[in-house]
Amino acid sequence: MSDDSWSNLDKVDQKIIEILNSNARTPSKEIASELRKSGNDVSDRTIRKRIERLEKSGIIKGYKAVLSDVAESNEHEALFLKFKVAKSIESLKEAIREHVVSMPEYLFVANMDGEWNMLVISRIDRGIKNPTSRIVEKFSDDIIDYRITKCDFKDINLLNMSLLLL
C-alpha cells in the first residue's frame with residue numbers, strides 16, 4: 001500500500017479502521033452509530049460501502065482471529081544483536097531479517113544505529129522455547145554480543161503503531 005493511499009483517508013475512514021482494528025466483527029450499524037456520536041452523519045449502508053472501498057483499494061487486506069491467552073502466550077522476548085565488523089554487514093542484516101520473518105513467533109525486526117545493530121521481538125509460544133536463542137545459534141559466527149530480555153506489551157494502540165511503522 002502506498003503512502004498516498006493513507007493520506008487519502010478522511011476522518012470517517014480512519015474511525016472505521018480504528019473500530020475494525022479493535023473488533024473486526026463490529027456490525028456496520030454499530031460503526032455508524034459510533035460515528036454519529038462523534039458528529040458524522042453516516043448510515044450503516046455508507047459504512048458498508050466505505051469498508052468495501054477500503055478492501056478493494058488494499059488498505060484493508062483482510063481480517064484475522066485474535067486468540068485469547070488460552071491459545072497463545074502473552075510473553076515476548078527482545079533480542080538485541082551486535083555484529084562483528086565486516087564488509088558484508090548489510091547482507092548479514094538481510095539474511096537475519098529473512099530468517100526472522102519466516103519464524104511464526106516473529107513480531108518485529110529493526111536495524112539500529114548505536115551500540116546495537118539489530119532488534120528482534122518475538123512471541124514465546126507454549127511448547128517452543130527461546131525462539132530468540134535459535135537466531136543467536138544460527139548466526140553465532142557473525143555476532144559478537146547479544147542481550148535477550150523479556151518484554152511486557154500492554155495498552156498498545158495497534159492502529160497508531162501500524163501507521164508509525166509504515
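Here is a short tour of a predicted model, starting with confidence and then moving on to charged side chains.

**Stop 1: colour by pLDDT.** The chain's average is 81, and 79% of the residues score at least 70. Select helix α3 (residues 28-37): among the elements of the chain, its mean pLDDT is the highest, at 93. Now try helix α7 (residues 158-165), which has the lowest mean, 54.

**Stop 2: select K84.** You'll find K84 in the loop between β1 (75-83) and α5 (89-101). Along the sequence K84 and D141 are 57 residues apart, yet their C-alphas sit 8.5 Å apart in space. Show the neighbours too: K84 also touches I89, D142, I143 and I144, among others. K84 counts as partly exposed because its relative accessibility is 40%.

Stop 3: Start in helix α4 (residues 44-56), where R48 and D44 lie four residues apart, about one turn of the helix. Their side chains meet at 3.1 Å, N to O. Helix α5 holds R97 and E94, three residues apart, and their bridge spans 2.8 Å.

**Stop 4: select R134 and E105.** This salt bridge is 3.2 Å, N to O. It links distant parts of the chain: R134 is in helix α6 (residues 131-138), while E105 is in the loop between α5 and β2 (106-111). Is E105 buried or exposed? Buried, because its relative accessible area is 1%. R134, at 33%, counts as partly exposed.

Notes
Residues are numbered from 1 along each chain as its sequence is written. This is a predicted model: local features need pLDDT of at least 70, side-chain atom pairs count only at pLDDT 80 or more; totals for chains, interfaces and linings use all residues. Side-chain values use heavy atoms; hydrogens and water are left out. Helices (H or I, at least four residues) and strands (E, at least two) are DSSP runs, numbered from the N terminus. Buried means under 20% relative accessible area, exposed over 50%, partly exposed in between (1.4 Å probe, protein chains only). Contact means heavy atoms within 4.5 Å. pLDDT is the predictor's confidence in each residue, from 0 to 100. A salt bridge is a side-chain nitrogen of Lys or Arg within 4 Å of a carboxyl oxygen of Asp or Glu. Lists of a residue's contacts leave out its neighbours within four places in sequence.
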